[in-house]
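Open the model in your viewer and keep the selection panel at hand. The tour moves from one selection to the next.

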Amino acid sequence: MSRMPLPTERLVQPRLVGYDPTRPKPWLERIAYALFFSALWVMVVLAYGVVPTVFRHYGWLKSPLGFAAYAVIEAVLAFLLAAVVALILIVVLRKYLGKVQERVGPMHYGPAGVFQTVFDALKLLGKEDFAPRRVDWLIFRLAPAIVFVSAFLLMVAIPVAPGWLIADLDVGLLYIVAVSTLGAYGVVLGGLSQGNKWGLLGAFRAGAQLVSYEVPLAIALLSVGVYAGSLRFVDIVEHQYGLWHVVPLFLSFIVYLVASIAELKATPFDLPEAESEIVAGYNTEYSGMSFAFFFLAEFVELFLLPGFMVLLFFGGWHGPLFGLDPTSFAAGLLQSFYFLVKVAVWVWIFLWIRATLPRFRDDQLMDLAWKGLLPLSLVGLLVAALFRMFLEVL
Amino acid sequence: MSLFAEVWDAVKAVAAGLETVHRRVKQPPATEFYPYKKPEIPPVSVQFLALIQNEDGTDRCVACLQCERVCPSQVITIERKRNPEGKGFVLERFDLDFANCMHCANCVEACPVSAIVTVGEFEHAVYDINFLKADKAFLDHIGHEAKIWYSPKFGVEMRTPEGKIVKAPPEMQPGGLAELLKEAEGGEGA
Ligand code: SF4
Ligand code: SF4
């Protein structure tokens with residue numbers, strides 16, 4: 001007669017790689033996050049500081065070949081930056097939500113699970129990118145690209161320190177309104193093309209939500225433009241010496257905050273991908289890398305929208321310079337650091353809001369957008385114009 | 001004016017929510033690291049059944065067949081013979097088929113000498129269902145490994161580090177016995 005094996009004789013003994021729950025090491029976690037932040041900083045310095053400065057300094061941008069090389073290098077660097085941002089933010093989000101919900105979050109890979117996203121990305125790379133038979137193939141394949149490209153193009157417009165920017169756009173505000181609206185196309189087309197009822201519902205919701213939140217968002221941006229007297233980000237940031245825009249333009253700031261959370265499709269406004277209602281909404285049928293691109297775009301936007309908020313309302317790269325020449329490279333390093341810290345704080349607040357609020361209902365969402373935010377943003381515009389008038393008179 | 005009051009209420013509610021969430025961040029996680037760290041579960045829960053042996057290594061079981069008779073799933077098989085040295089019976093075979101056991105603990109309740117008991121050990125899962133047929137050696141082993149076990153007749157008992165079997169203190173007994181005793185003492189004092 002076969003004997004029942006004792007628990008100590010079992011063939012498979014559970015083993016935990018990388019984390020010993022009996023001895024949690026919060027300091028290791030903190031070091032890992034500090035390294036993450038430094039990696040992000042290095043990528044930002046490379047993409048926004050070193051490469052453009054070198055190309056401008058040697059005048060290579062004037063020759064067509066130099067310009068082509070610049071474009072290619074910047075595209076690669078920006079893609080790497082986007083990947084780093086997404087890798088970091090995903091694990092930070094999961095860890096933070098875990099802590100809020102009194103769980104541990106990812107814990108198996110790396111110290112306290114901080115390399116979890118790397119393995120997730122490898123898994124997504126290795127998966128089959130499957131398209132069901134009834135999808136509209138071309139649009140189904142194009143939609144993730146549109147979503148990602150629209151998030152990716154936004155990175156071009158961000159200045160992280162004086163003179164540290166990829167492209168100095170005279171109409172930066174208009175540019176980000178135009179490009180971020182493109183992302184809504186990707187979401188709607190992706191939802192419609194997959195021939196799935198959940199995708200269709202997600203696309204409907206996304207269309208309604210994104211279109212209605214673009215309007216207050218654009219008006220909030222416009223009020224900043226009116227107050228600063230320019231649509232260039234550099235001018236807007238320069239205009240905030242002395243007083244950050246958040247004080248005079250508080251109404252516009254609130255509108256921007258709410259509208260950008262809606263733009264992110266984050267939790268109080270995550271109707272397009274409400275997991276508990278419509279599976280995954282607009283990305284139900286996506287798998288493998290197509291899905292990863294939707295994800296990547298979402299987290300790049302989670303970095304960029306607080307970034308724009310910092311630029312527009314919180315003085316961008318302003319911070320104590322300790323007597324450094326503001327145009328020197330060292331000052332640039334310091335200023336990009338200030339910018340990133342401010343962005344990190346705002347990303348944390350976004351995650352905090354996301355962890356707190358429950359999901360809106362469809363009609364409440366529309367109520368808030370059209371009856372709440374739109375009038376509020378118009379009042380904000382009026383306030384901005386009045387302040388500008390006083391500024392001109394004084 | 002009511003609009004502003006409404007907005008103010010909403011702001012207050014959101015702020016209260018944010019504050020609660022932030023307080024939660026600092027609390028330790030409630031996660032059980034189960035496969036890596038075994039939780040201590042109370043012996044009163046019916047998981048494994050075990051046969052307890054006396055301190056001198058003899059069986060507590062007197063082979064009275066009460067458990068075999070009462071078992072609703074009829075998974076206990078006992079073979080016994082007359083004790084050659086004295087009165088009573090000795091066990092020859094005690095098999096318990098955990099694959100069909102419904103963990104009702106009727107056997108534990110029926111046992112007149114608290115030989116078959118419930119223990120805190122719970123890792124039943126095996127790859128082959130035949131492995132779930134436990135024999136006397138296995139049940140004895142589980143009983144020897146157990147630090148603490150329960151039977152309705154004797155309550156929670158525990159094995160001291162020296163190998164003595166003693167009754168557990170009232171705090172470890174089920175049913176709020178400690179509180180009851182405390183109340184009784186308080187009543188006497190007053
Ligand atoms: S627990 Fe119930 S089913 Fe299992 S052996 Fe005891 S009496 Fe039989
Ligand atoms: S009831 Fe108790 S003493 Fe009687 S046979 Fe079963 S285990 Fe042994």
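Buried here means under 20% relative accessible area, exposed over 50%, and partly exposed in between (1.4 Å probe, protein chains only). This is a predicted model, in which local features need pLDDT of at least 70 and side-chain atom pairs pLDDT 80 or more, while totals for chains, interfaces and linings use all residues. Residues are numbered from 1 along each chain as its sequence is written, chains are lettered from A and ligands numbered from 1 in the order in which they are written, and side-chain values use heavy atoms, without hydrogens and water.

**Stop one: a tyrosine in chain A**

Select A:Tyr96. It is buried, with a relative accessible area of 10%. A:Tyr96 sits in helix H2 of chain A, residues 64-100. Helices (H or I, at least four residues) and strands (E, at least two) are DSSP runs, numbered from the N terminus.

Which residues does A:Tyr96 touch? Leaving out residues up to four places away in sequence, they are A:Trp348, A:Leu351, A:Trp352, A:Ala355, B:Val21 and B:Val25. Contact means heavy atoms within 4.5 Å. For a distance check, pick A:Arg232: 136 residues from A:Tyr96 in sequence, and 35 Å away in space, C-alpha to C-alpha.

**Stop two: ligand 2 and the cysteines**

Move to ligand 2. Of the 13 residues around it, B:Cys61, B:Cys64, B:Leu65, B:Cys67 and B:Cys111 come nearest. A residue is near a molecule or strand if one of its heavy atoms lies within 4 Å of it. The shell around ligand 2 holds twelve nonpolar residues, one polar and no charged. Ala, Val, Leu, Ile, Met, Phe, Trp, Tyr, Cys and Pro count as nonpolar; Asp, Glu, Lys and Arg as charged; the others, Gly among them, as polar.

Pick B:Cys111: it is buried at 10% relative accessible area. B:Cys101 is buried too, at 14%. How many disulfides are there over all chains? A search of the whole structure finds zero, a disulfide being a pair of cysteine sulfur atoms within 2.5 Å.

**Stop three: the three-stranded sheet**

Show E2, E3 and E5 of chain B. They form an open sheet in the order E2-E3-E5, with antiparallel pairing. Its edge strands are E2 (76-82) and E5 (133-134), each pairing on one side only. Two strands pair if DSSP finds at least two bridges between them. Seven bridges join E2(B) to E3(B), residues 89-97.

**Stop four: the five-stranded sheet**

Now select E1, E4, E6, E7 and E8 of chain B. These five strands form an open antiparallel sheet in the order E1-E4-E6-E7-E8. E1 (48-51) and E8 are the edge strands. Neighbouring strands are turned by 40 degrees against each other on average, direction ignored.

Zoom in on E7(B), residues 155-159. Four of its five residues are buried, so the strand is largely enclosed by the rest of the structure. Four bridges join E6(B), residues 148-151, to E7(B). The two form a hairpin with three residues between them. B:Ser151 has B:Gly155 as its bridge partner.

Follow E7(B) into its hairpin with E8(B): five residues lie between, and B:Gly163 in the turn has a positive phi of about 100 degrees. B:Arg159 stands opposite B:Ile165 in E8(B).

**Last stop: a helix across strands**

Finish on helix H4 of chain B, residues 136-145. H4(B) lies across E3 and E5, at about 90 degrees to E3(B). H4(B) also lies across E1, E4, E6 and E7, at about 95 degrees to E1(B). Axes are lines fitted to C-alpha atoms, for helices over the stretch in contact, and angles run from 0 to 180 degrees between N-to-C directions.
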